[in-house]
Amino acid sequence: MDAYIEFRNVVKKFDDFVALDHVSLQIPKGAFVTLLGPSGCGKTTLMRQLAGFSEPEEGDVLVDGKRMNGLPPFKRNTPLVFQEYALFPHMTVYENISYGLKLKKAPKEEKDRKVAEMLEMFNLQGLDGRFPKQLSGGQQQRVAIARALVKRPDILLLDEPLSNLDARLRLEMREEIRRIQTETGVTTVFVTHDQEEAMSITDEIVLMRTGVVQQQCPPQQMYLNPANRFVAGFLGNPPINFFRLDVCGGTVCLAEDYMLRVHGAADGPVLVGIRPEAWRLGQGLRTAAEAVEMRGKDLLVTFSLAGERARAILDITAGGAAGDAVELTLEPRLVYIFDPETGARLDAEVAG
C-alpha cells in the first residue's frame, strides 16, 4: 500500500492520560477510511493531529511524504467538518460555501462557478439565498461539507458529522457522503462510534481502543476475521456471544449433545465466540427458545448455552414462540477461538 497519510509512532498525552499510544498506520490516496471505536478511544484525537489542532509528544504525521508536525491548520488544506456544522448564522448558503474562496480573494466569476457546482453536487439548488436557520439539519450538513470541498482540499476530515441527525436523515446523508467522495476522489477520514455507519460506507476501518489501533482492514474482512476479542465484540448487532469452555482432545463441548472440533488449539480453557448468524436450523443442538423476537425478515431467538444466554438469527419462516423446542447447528466459519486471558485470537480452525 502506497501511504498518502501516515502516522508514525504517534503519542499524545493529556496530563497522565495517554490518548494515543504509539499509533502507526497508513492511508492510501483517494481512500475513504473510518476511525471507529468507543468514546475515549483516541479517534478524534488522532484526527486532530492530522488537522493540526493538536500536536504529538512523540512521532510524526505525514501527508504525501511531507512531515506535518508544527504546521498550523490553515496551511494543511485538510478542512474538518464537525458534528455541530459550525455554519455562520448571519451568512447565506452562498456566503457560507464561498467563505474560503473569499479569504483567498477569488474573483466573483470563480466563486459563482464553484458555488454553483457545489449546489448541484449536494442537491441544494435554489437554497443559496437562505440562512442556516431556514434549513433542515440534513441541508445544513450538506452546506458544511460543500464549504469544505469547494476549495478542493487534499484531505476531507469528518468528525461524527451525522450525530445530530435522525435515523432516516443519517441513512440518507451517509449515502450522500459516499456518493460525493466517490465522485470527487478526495481522501476522506471519517470519525464515528457507530459501527453500522463505518461498515456501510468506508473502504477501510481503523478500530481503536484506549489509544491503540486494534485492527485496520476493509469492513467485511474485519467482521469475518477479527484480530481479537475486542474487535469481535465491537462489531455486530446483535453482538457476538462468548462462552468460557475447555478444549479436550481437539473438541469443545457446547452441550451434552453438541460438540465442535477445534484444530490447532492446545487442551485447556478457551473463549469461544459465536455470532448469532452462525446458527442454522438443523440437526445438532437441541434446546428451547426462551424468547423469540421478529426483526423484519429475521427472527432473533434467545436460548441458554453453556450457562450463558445465546442468540440466534434465523429466517422468519422458521416461526416459533417462546417455550418451543428448537434444533440448531453451526456455521463454523463464524465461530472464533480466543485466549481467555489476553483476548488474542488463536490460530485455530473450527469444524462442525
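User: A pocket here is an open set of points on a 1 Å grid over the protein atoms alone, with protein on both sides within 12 Å along at least five of seven lines. How much space lies in the second largest pocket?

Analyst: The second largest pocket holds about 250 Å³, a volume being the space filled by probe spheres set on points joined across faces, edges and corners. Please note that this is a predicted model, in which local features need pLDDT of at least 70 and side-chain atom pairs pLDDT 80 or more, while totals for chains, interfaces and linings use all residues. Residues are numbered from 1 along each chain as its sequence is written, and side-chain values use heavy atoms, without hydrogens and water.

User: Which residues line the second largest pocket?

Analyst: Its lining (residues with an atom within 4 Å of a point) consists of Gln-195, Glu-196, Tyr-223, Gly-236, Asn-237, Pro-238, Glu-277, Lys-297, Asp-298 and Ile-313.

User: And how does that lining divide by class?

Analyst: The lining of the second largest pocket has four charged residues, three polar and three nonpolar. Asp, Glu, Lys and Arg count as charged; Ala, Val, Leu, Ile, Met, Phe, Trp, Tyr, Cys and Pro as nonpolar; the others, Gly among them, as polar.

User: What about the largest pocket, what is its volume?

Analyst: The largest pocket has a volume of about 650 Å³. It is lined by 22 residues, and those closest to its centre are Pro-79, Leu-80, Arg-147, Ala-148 and Lys-151. By class, 15 residues of this lining are nonpolar, four are charged and three are polar.

User: Changing topic: how many cavities of 30 Å³ or more does a search of the whole structure find?

Analyst: The search finds one cavity of 30 Å³ or more, a cavity being a set of points where a 1.4 Å probe fits but cannot get out. About 50 Å³ of space lies in the largest cavity.

User: What lines the largest cavity?

Analyst: The lining of the largest cavity is made of Ile-145, Leu-149, Leu-156, Leu-158, Ile-177, Ile-180, Gln-181, Thr-184, Val-186 and Thr-188. Two or more of these residues come from each of H5, strand E7 (155-159) and helix H6 (167-184). H6 gives the largest share, four residues. The lining of the largest cavity has seven nonpolar residues, three polar and no charged.

User: Now the sheets. In what order do the four strands of the open sheet run?

Analyst: The order is E2-E1-E4-E5, with antiparallel pairing. Two strands pair if DSSP finds at least two bridges between them. Strand E2 (17-27) and E5 are at the edges with a single partner strand each, so one side of each has no neighbour in the sheet.

User: How many bridges join E1 and E2?

Analyst: E1 and E2 pair over seven bridges, in the antiparallel sense, and Val-10 has Val-23 in E2 as its bridge partner. Strand E1 (residues 5-14) also pairs with strand E4 (residues 58-63), over five antiparallel bridges; there, Phe-7 is partnered by Val-61 of E4.

User: And what joins E4 to E5?

Analyst: Two bridges do, again in the antiparallel sense, and E5 covers residues 66-67. Leu-62 has Arg-67 in E5 as its bridge partner. The hairpin of E4 and E5 has two residues between the strands, and in it Asp-64 takes a positive phi near 55 degrees.

User: What is the strand order in the sheet of six?

Analyst: Those six strands form an open antiparallel sheet, ordered E20-E14-E11-E12-E13-E21. Strand E20 (335-338) and strand E21 (349-351) stand at its edges, and each has a single partner strand, so one side of each lacks a neighbour.

User: Is Cys-41 buried or exposed? And Cys-248, buried or exposed?

Analyst: Cys-41 is buried, at 1% relative accessible area, whereas Cys-248 counts as exposed at 55%. Buried means under 20%, exposed over 50% and partly exposed in between (1.4 Å probe, protein chains only).
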